[in-house]
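Let us take a walk through this structure together, one stop at a time. Have a look at it first, and then read on.

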Amino acid sequence: MNSNYNPKLIEEKVQEKWNKENRYVSKIDDREKYYCLSMFPYPSGKLHMGHVRNYTIGDVISRYKRMKNFNVFQPMGWDAFGLPAENAAIANNVSPKDWTNQNIENMKAQLKSLGLSYDWSKELRTCDSKYYKWEQLIFKRFYDAGLVYRKKSIVNWDPVDETVLANEQVIDGRGWRSGAKIENKEIDQWFIKITNYADELLDSLDSLDWPDNVKTMQKNWIGKSKGAEIKYKIENSDDFLTTFSTRPDTIFGVSFLAISPSHHLAIELSNNNKEIKKFLEECKEIKTAEADIVKADKFGIDTGLSVIHPLSGKKLPVWIGNFVLLEYGTGVVMGVPAHDVRDFEFASKYDLEIKQVIETENNELPILEEGKVINSENFNGLMSDEATKKIIDRLEELKLGEKLIQFRLRDWGVSRQRYWGCPIPVVYKNGEPSVLDEKEIPVELPELDKDSPPIPLSQNKEFLKIRDDIARESDTFDTFMDSSWYYARFTSADNDKNIFDENTKYWLPVDLYIGGIEHAILHLLYSRFFHKALRDIGLVEGDEPFKRLLTQGMVLKDGAKMSKSKGNTVDPQSYIEKYGADTVRLYMMFTSHPEQSLEWSESSVEGASRFLKKIWKLINGKKYNRLSSRFDFTKEELSLRRKSHATLKKVENDYEVRFSFNTAIAAIMELLNFIPDEYKNENSLDSQKYCLDEAILFILQMLSPIAPHICEYLWDSFYEDGPSIECSWPEISETLLEIEEFELIVQVNGKVRGKVNINKGSEQKEIENIALNIENVKNYINDSEVKKVIYVKNKLVNFVI
RNA sequence: GCCGAAGUGGUGGAAUUGGUAGACACGCUAGCUUGAGGGGCUAGUGAGUGAAAACUCGUGCGGGUUCAAGUCCCGCCUUCGGCACCA
């Protein structure tokens with residue numbers, strides 16, 4: 001039995017065994033359940049390294065949990081609707097459906113070759129009407145629950161191609177295909193009232209075992225802020241302009257109002273004013289993405305209108321500002337140049353009054369922090385918080401304002417003007433929309449003619465026209481809709497009669513959700529909202545979909561994200577073929593902590609492969625001796641046993657608590673390196689054999705979540721008629737871990753000057769004496785007086801002189 | 001611009017609660033093994049000084065707190081993720 005490690009052969013063999021046994025099909029049973037979910041991929045064609053990393057992490061944890069006797073559910077599916085299929089369809093003259101299905105087949109084969117322990121019996125794809133018919137049903141139920149409405153909103157309009165473009169399709173303000181200048185266009189769209197849940201989405205973050213940075217990002221995104229709504233009467237009119245401000249204490253510093261270019265007042269004014277009309281035209285050239293709006297130069301135009309300051313009674317000019325978002329607040333900003341950076345820039349540019357009304361130690365305008373109120377009539381001298389209260393009280397008396405809590409979170413626009421998405425189940429009777437009844441669902445996406453490019457549904461006459469006076473909705477759903485509830489549908493994916501069933505009840509919530517940090521806000525927030533809304537219409541239980549979250553970092557090459565456009569991608573398949581899945585998995589887990597970015601390195605793959613070869617060489621051909629542990633172990637033997645158990649303890653903690661697979665692997669490597677050579681000889685002592693066998697069993701068990709093929713193969717040949725490696729995890733012996741000696745660090749003035757072995761039970765005085773007698777320590781202390789001794793138990797002693 | 005991260009040897013990274021910086025690997029150097037290549041094995045490997053013992057410096061930059069700072073605080077720089085129509 002001196003054969004070399006042949007990953008291809010053993011991986012095929014082991015995978016065949018798993019298939020035969022249907023080993024990873026999960027059923028309800030008495031054990032504690034563990035639903036481990038990795039974010040399903042967009043079927044782009046080939047697996048990339050980010051997928052491999054994501055799915056290996058999920059698989060390692062799933063396998064570990066199985067060994068710990070959990071009933072594990074780990075499904076996989078496809079986020080199959082989206083733009084790339086349409087683009088590929090145009091580029092390659094294939095239908096989005098065929099392209100997508102082909103990609104799914106390829107990627108599924110790749111996933112299988114990685115040895116991921118998925119329950120494929122629950123596979124789903126979002127482009128399948130078996131899936132999206134339920135999504136249409138959910139939309140109907142949401143509509144009935146009052147969560148759906150229609151509203152005008154702005155899109156990127158390509159006037160040449162006459163299509164709506166995604167933000168990423170607008171490059172430098174121009175359409176990526178046509179090159180035409182992109183315009184803002186307002187159209188009617190469907191919205192879902194996620195803001196109804198703003199408070200709950202915020203509050204229940206506390207209950208989640210999620211990374212703090214993700215919770216913080218979500219919290220800031222929801223953006224609950226306390227302030228006041230303040231009304232400014234328009235001069236010579238009975239109308240008011242309403243603003244929201246978090247800083248009512250600065251109200252006497254207001255020197256202008258700025259309204260959004262999309263504000264109805266701005267549009268009305270433009271009808272009679274050429275300059276304003278021109279200005280609004282110019283504003284239409286800015287992309288709709290917030291990052292672009294903020295980066296754009298701030299400019300504005302005076303409307304000529306004035307408003308009356310609610311407290312001072314002064315006249316203030318009304319401007320239109322390109323930086324004011326209609327979606328946020330009321331679409332009107334009160335400009336306080338002395339205490340806001342953006343207002344300061346704007347006022348400086350257009351020579352508007354800058355009036356300081358807050359005083360702090362810092363004198364440089366703009367002063368952003370709170371302080372003492374000045375130049376504010378009878379509120380002078382108050383501190384900001386008190387002034388805020390009194391000013392709001394005063395506004396309320398005058399009925400010109402009131403206390404208000406405002407969220408940054410906006411309602412979710414779910415309409416998309418595309419082909420490859422879930423049709424929105426709505427019809428228009430004489431132009432009046434109505435959401436379809438459950439029995440009229442599903443609305444299936446129409447098939448395309450062989451040669452037809454994927455034209456938006458709005459141009460598909462056959463699909464649209466039901467009767468002369470009845471037409472279908474031509475928009476499809478945002479693909480975030482598809483991915484907002486798939487975690488729940490997985491549990492019942494094979495049930496065609498009901499959306500959810502008893503399995504849903506059993507498996508939810510997801511115990512661990514793993515995916516890229518780039519989804520920290522949108523996808524995760526939408527899913528959380530969906531879960532709560534589904535709960536409220538009685539379809540699921542519990543308040544949150546994902547109990548624990550692990551956000552993985554990017555896979556980089558040469559310091560940049562691997563991407564097709566940069567041409568720095570590395571194809572995982574070639575590595576799986578060359579080194580085997582176990583090596584690729586091991587490499588991925590060893591190279592860095594899952595939450596950090598991973599720098600791809602060719603040569604480290606070799607290292608991972610070498611480690612597996614070492615294990616193969618040590619174990620292949622050996623048989624478990626099944627000796628009892630009743631030996632008087634030598635000190636050396638004991639130290640190997642201790643190392644085995646200490647490694648086990650560390651690895652458990654790394655797998656379970658820290659998700660720190662790289663250090664777990666390093667510890668296993670250390671253990672392997674620690675085994676003395678003579679123990680590996682055939683004529684070693686029985687006591688040595690015992691220690692070696694123990695180490696071998698531990699190594700195989702500890703490593704098998706990461707490199708399952710080689711470990712199971714070696715386990716089966718080493719431990720004939722033993723238990724399945726998947727149903728066994730070793731027991732730690734705590735007594736073995738108790739050590740009698742430790743290495744004391746001796747410092748003088750905080751610098752290490754010596755180390756010495758000390759018995760654990762020693763008294764502090766005794767330890768100090770030993771430390772003071774170290775030659776090098778003596779040299780440093782000389783005749784100096786020891787002013788202070790810091791002693792950290794079982795660790796170090798520091799003499800301060 | 002706003003929100004959230006990251007920065008440690010030639011490289012990937014470790015240091016879990018403020019307590020030995022560089023675990024574990026890769027690479028490199030030398031030696032052994034081999035007909036050669038590959039592979040394997042042994043030793044060394046942060047920089048500098050030194051024959052050695054040992055010492056000095058050293059965790060993006062500049063300050064600070066502390067007996068002690070990669071870790072805490074203040075101010076910067078760079079890179080990455082998100083910013084609501086990429087998924």
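The paragraphs below visit a pair of helices, a salt bridge, a cavity and a pocket.

Before we start, please note that this is a predicted model, in which local features need pLDDT of at least 70, side-chain atom pairs count only at pLDDT 80 or more, and totals for chains, interfaces and linings use all residues. Residues are numbered from 1 along each chain as its sequence is written, chains are lettered from A and ligands numbered from 1 in the order in which they are written, and side-chain values use heavy atoms, with hydrogens and water left out.

Our opening stop is helix H21 (residues 635-658) with helix H22 (residues 661-674), whose axes come within 9 Å and cross at roughly 170°. Helices here are DSSP runs of H or I with at least four residues, numbered from the N terminus. Axes are lines fitted to C-alpha atoms over the stretch in contact, with angles from 0 to 180 degrees between N-to-C directions. H21 and H22 are therefore roughly antiparallel, a label for angles over 145 degrees.

Next come the charges. Side chains of opposite charge can pair when their charged atoms come close. The whole structure has 54 salt bridges, each a side-chain nitrogen of Lys or Arg within 4 Å of a carboxyl oxygen of Asp or Glu. In one of them, Lys17 pairs with Asp716, with the closest N and O atoms 2.6 Å apart. Lys17 sits in helix H1 (residues 7-21) and Asp716 in helix H24, so this pair ties together parts that are 699 residues apart in sequence.

Where is empty space left? Rolling a probe the size of a water molecule over the atoms shows this. On a 1 Å grid over the protein atoms alone, a cavity is a set of points where a 1.4 Å probe fits but cannot get out, while a pocket is an open set with protein on both sides within 12 Å along at least five of seven lines; lining residues have an atom within 4 Å of a point. The structure holds one cavity of 30 Å³ or more. The largest cavity has a volume of about 50 Å³, the space filled by probe spheres set on grid points joined across faces, edges and corners. Its lining includes Arg63, Met67, Pro708 and Glu712.

Finally, the second largest pocket has a volume of about 640 Å³. Of its 28 lining residues, those closest to its centre are Lys617, Leu618, Asn620, Lys622 and Lys680. H20 gives the largest share of this lining, five residues.

Conventions: Helices (H or I, at least four residues) and strands (E, at least two) are DSSP runs, numbered from the N terminus. Angles under 35 degrees count as roughly parallel, over 145 as roughly antiparallel, 65 to 115 as roughly perpendicular and the rest as oblique.
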